[in-house]
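Thanks for coming, everyone. I have one structure to walk through today. Let me put it on the screen.

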Amino acid sequence: MTSNPLRRRVLQGTAAAIGTIFLPLHAATPRFTIGTDDFLLDGKPLQIRCGEMHFARVPREYWQHRLKAIKAMGLNTVCAYLFWNYHEWREGRYDWSGQRDAAEFCRLAQQEGLWVILRPGPYACAEWEMGGLPWWLLKSPGDAFLRTRDPNYINPARRWLAEVGRVLGPQQVTHGGPILMVQVENEYGFFSDDKEYMRIMRQALLDAKFDVPLFQCNPTNAVSRTHIPELFSVANFGSDPATGFKALAAVQQGPKMCGEYYSGWFDTWGAPHRRGAATKAVEDIQAMLKMNGSFSLYMAHGGTTFGLWGGCDRPFRPDTSSYDYDAPISEAGWMGEKFDAYREGIKPFLAAGETLPVAPAQNPLLEIAPFALKESASVFANLPPKVIRDVSPRPLEEYDISRGIVAYRVTLPAGPAGVLEAAKVRDLAWVFMDGKQVGTMDTRYRRFSVDLPARSKPVTLEIMLYTIARVNFGVEIHDRKGLHGPVRFTPTGGTAQTVENWEIRAIDFDADGILPPLSWKPGRAKGAAFWRGSFNASRQADTFLDMSSWGQGIVWINGRCLGRYWSIGPTQTMYLPGPWIRDGANEVVVLDLTGPQTARISGLKKPILDQLRPERDLARPPSKIKPHLDGVTPVHEGEFAAGSATQDVRFSQPARGRQFCLESLDAHDGKQFAAIAEISLLNAKGETIDQSNWTIAYVSSEEASKEDGGALNAINGQVTDYWHSAWSGTGLKPKHPHRLIIDLGKDVEVAGLRYTPRQGKDDVTGRIKHFRAYVGDQLAR
Ligand code: GLA
């Protein structure tokens, strides 16, 4: 709030005028406008203290409980994404019922005295399947048409926004509802810079009769990339509010708002659990409020990605089902120290006369004694009768298969040993020869081949494929699933032959994880199988199913698809909300792809969110890859500036190659560690090179136990996480030179690099000082 009352009165006049810039001409009475310094509600300044919550990630029965908690934490607004695919999993069939009832969510928010900021997409991100975009868009050809002006994208996107307008238009503040503002797209500046596309998206929302202010969000370092005068901008950041607000002031006159302030972060399977420090967050929030700024906490309440809706960080790091996000309101709606810290931190900034309600009580908990699942049904024995025949396998979308388990069968003639390789495998596959498992294919490591032994007679090859999630970030959202042909067999020392005439059978889990008809047998089925058991509940209360003795798969409760689990962790439990438990008998079905150690489940009163079990992962052939830099001339040798700013480096000469290596020689803090938040490469025009086929060819070391310092963090597009050389553990800590070698997927001409140092305060470790860069084909082999 502008401290000078006189100035405020003056501004109110002019603000009213300015505010209308961001309003459509035919707007009804503009109760909410954007002034020169303030948001204005009925002409009075409104400082937005907002928190993100996804109604799709919270049991409908608990929406009100969570909204009460958000209000009690000191927030006056809730921000919610709409996930397009959640409401239109099959083209033209919209669903706004039950858990999808967005209008009801808005009504409840209003009842709880909360305003709403709506983020309808079309693209959302949010660690949600394909970033919220519907899979059926991928029936159209191309690897770069999504989030562009391509009609195959724009037309369905417009239809979606028109549908959103039909359903949620009446919830706008201009029509008596709680919706103050609506976001256009999501962090588009991270993806591209086509301002015309943003204008088209804005127009689509106007055509959908949205008459409240529209805005766009971008990370601080991309605010200017897609800002357009007719669309208000907010900045997303997890630290350094001053820099974020400066980036906004550089493009527009208006109130300063942080569209996503990260209270924690999301987890991916196989990487350490992420936490966010409350003290620093409260400091930053108070700093923003003192600067008369507004903010939205991402996440205020993360909840759970139920069903099969989890997304996947690029290049392929699937997100856990728990979306606790270390948020102040935990996955099960618990309010602990972090909640209290935020509430106390916000209290001094309440408007005159504003008070905070008492926080709602925690919901009851239930312990369930271990129960056995004694019946099973093997996947192969329960495949649906429908068979698709094709010369060579094509992506699933072309067969109108949305996601699930797919079995591919083909006959391979007798012959010598060799390698079977597919063009691509999305996501995990188990390969069987005459029923005996001979290997796995794993898109995490771009491993699309298995060794096959010699065969004295023709054999039946079966490949069972499991789709986990479509990538939700970057150009990799063009994530077509399945076994991508041609599939070739190369006899040792021989020439490759294409393997043809495939039979394909799929269990399509569709939108809500439909269970196929299964014929149950007592005991343990071989290999991938469904399991069934039940437990008795004396009352409906929350519990956490302990899945740590299982492998990897999906759980159903009373026919409802609860979600995915994977015992590599870090999450070992699944949140089961009380309202979804029946008094008496509750049926539990588990699909396990690798087979449980013990087929038992119990219900705990506490979640397990931070237990990594790498030994439970699929066997990964030892990496024989070594760096080979001796005698290789670096394309550049230089020094990065201190601090957190992104830096571009142009090489004196562009260089071609399939691999790129960054080698740290020392760090600004003089310590032995190296870290990179983000590295991208530049072409001769200074544009960033497409990194959709990038993988890590070699890394000298990465911290993978005390924090998620995985090398993939350096190429996943997020500046909020980072690669960090190993620092925990007993042994000697690796010293400089640290090397990160990226496989670019193909031969590329590289003329420079863009390095984003580890973000945060100046005392963070790993900020590289002197470095060398190499481009070549054999840097790691
Ligand atoms: C971005 C996106 C959000 C979410 C966060 C990470 O900023 O806008 O949807 O993906 O990152 O949790």
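**A walk from Glu230**

Let's start with Glu230, which sits in the loop between α7 (223-226) and β9. Keep in mind that this is a predicted model. What does the side chain of Glu230 join? It makes a polar contact of 2.6 Å with the side chain of Arg199. Now look across to Gly643, which is 413 residues from Glu230 along the chain. The C-alpha atoms of these two are separated by 33 Å.

Gly643 brings us to Arg767, because Gly643 is one of the residues Arg767 touches and Arg767 counts as buried, at 5% relative accessibility. Arg767 lies in the loop between β40 and β41 (770-776). Its other contacts include Ser644, Ala667, His668 and Tyr755. Pro757, Arg758, Gln759, Gly760, Lys761 and Asp762 are among them too. That list leaves out residues up to four places away in sequence. One contact has a distance attached. A polar atom of the Arg767 side chain lies 2.9 Å from the backbone oxygen of Arg758.

Next, the open space. Take the second largest pocket, with a volume of about 1400 Å³. Its lining has 48 residues. Closest to the centre are Gly238, Lys280, Thr720, Tyr722 and Gln759. α9 gives the most, with 3 residues. By class, the lining of this pocket divides into 16 nonpolar, 19 polar and 13 charged residues.

The structure holds 10 cavities of 30 Å³ or more. About 110 Å³ lies in the largest cavity. Of the 13 residues that line the largest cavity, the closest to its centre are Cys125, Glu127, Glu260, Tyr262 and Gln718. Its lining has 8 nonpolar, 2 polar and 3 charged residues.

On to the packing. The largest nonpolar core has 152 residues. Which of them have the most contacts inside it? Ile48, Tyr153, Leu168, Met181, Val555 and Val590. Helix α5 (residues 151-168) provides the largest share of this core, at 8 residues. There is also a second, separate core of 31 residues. It includes Trp269, Leu308, Val379 and Val471.

Let me zoom in on Tyr153. Again leaving out residues up to four places away in sequence, Tyr153 touches Trp84, Pro122, Tyr123, Leu133 and Leu137, among others. Its contacts also include Phe145, Leu146, Arg147, Thr148, Glu185 and Tyr197.

Now helix α2, residues 63-72. How many of its 10 residues are buried? The count is 8, so the helix is mostly covered; here buried means under 20% relative accessible area. The buried ones are Trp63, His65, Arg66, Leu67, Ala69, Ile70, Lys71 and Ala72. Several elements do the covering. They include the strands β4 (49-53), β5 (77-81), β11 (294-301) and β31 (573-576). The helices α4 (102-111) and α10 (337-346) are also included. Just after α2, Gly74 takes a positive phi of about 110 degrees.

Ala126 is not a glycine, yet its phi is positive, at about 65 degrees. Where is Ala126 found? It is in the loop between β6 (115-119) and α5. Is Ala126 buried or exposed? Ala126 is buried, with a relative accessible area of 3%.

Asp400 also has a positive phi, near 60 degrees. Its loop runs between β16 (388-390) and β17 (404-412). Asp400 counts as partly exposed, at 38% relative accessibility.

Last, the cis peptide bonds I want to show you. One runs from Arg426 to Asp427, with omega near 15 degrees. Asp427 is in the loop between β18 (418-426) and β19 (428-433). Another joins His736 and Pro737, with omega about 0 degrees. Pro737 lies in the loop between β39 (723-724) and β40 (738-756).

That's the tour. Questions, please.

Conventions
Residues are numbered from 1 along each chain as its sequence is written. This is a predicted model: local features need pLDDT of at least 70, side-chain atom pairs count only at pLDDT 80 or more; totals for chains, interfaces and linings use all residues. Side-chain values use heavy atoms; hydrogens and water are left out. On a 1 Å grid over the protein atoms alone, a cavity is a set of points where a 1.4 Å probe fits but cannot get out, and a pocket is an open set with protein on both sides within 12 Å along at least five of seven lines; lining residues have an atom within 4 Å of a point. Grid points are joined across faces, edges and corners, and a volume is the space filled by probe spheres set on the points. Helices (H or I, at least four residues) and strands (E, at least two) are DSSP runs, numbered from the N terminus. Ala, Val, Leu, Ile, Met, Phe, Trp, Tyr, Cys and Pro count as nonpolar, Asp, Glu, Lys and Arg as charged, and the others, Gly among them, as polar. A nonpolar core is a set of buried Ala, Val, Leu, Ile, Met, Phe, Trp, Tyr and Cys residues joined through side-chain atoms within 4.5 Å. Buried means under 20% relative accessible area, exposed over 50%, partly exposed in between (1.4 Å probe, protein chains only). Contact means heavy atoms within 4.5 Å. A polar contact is a pair of N or O atoms within 3.5 Å; within protein, one must be able to donate a hydrogen and the other to accept it, and residues adjacent in sequence count only if both atoms are side-chain atoms.
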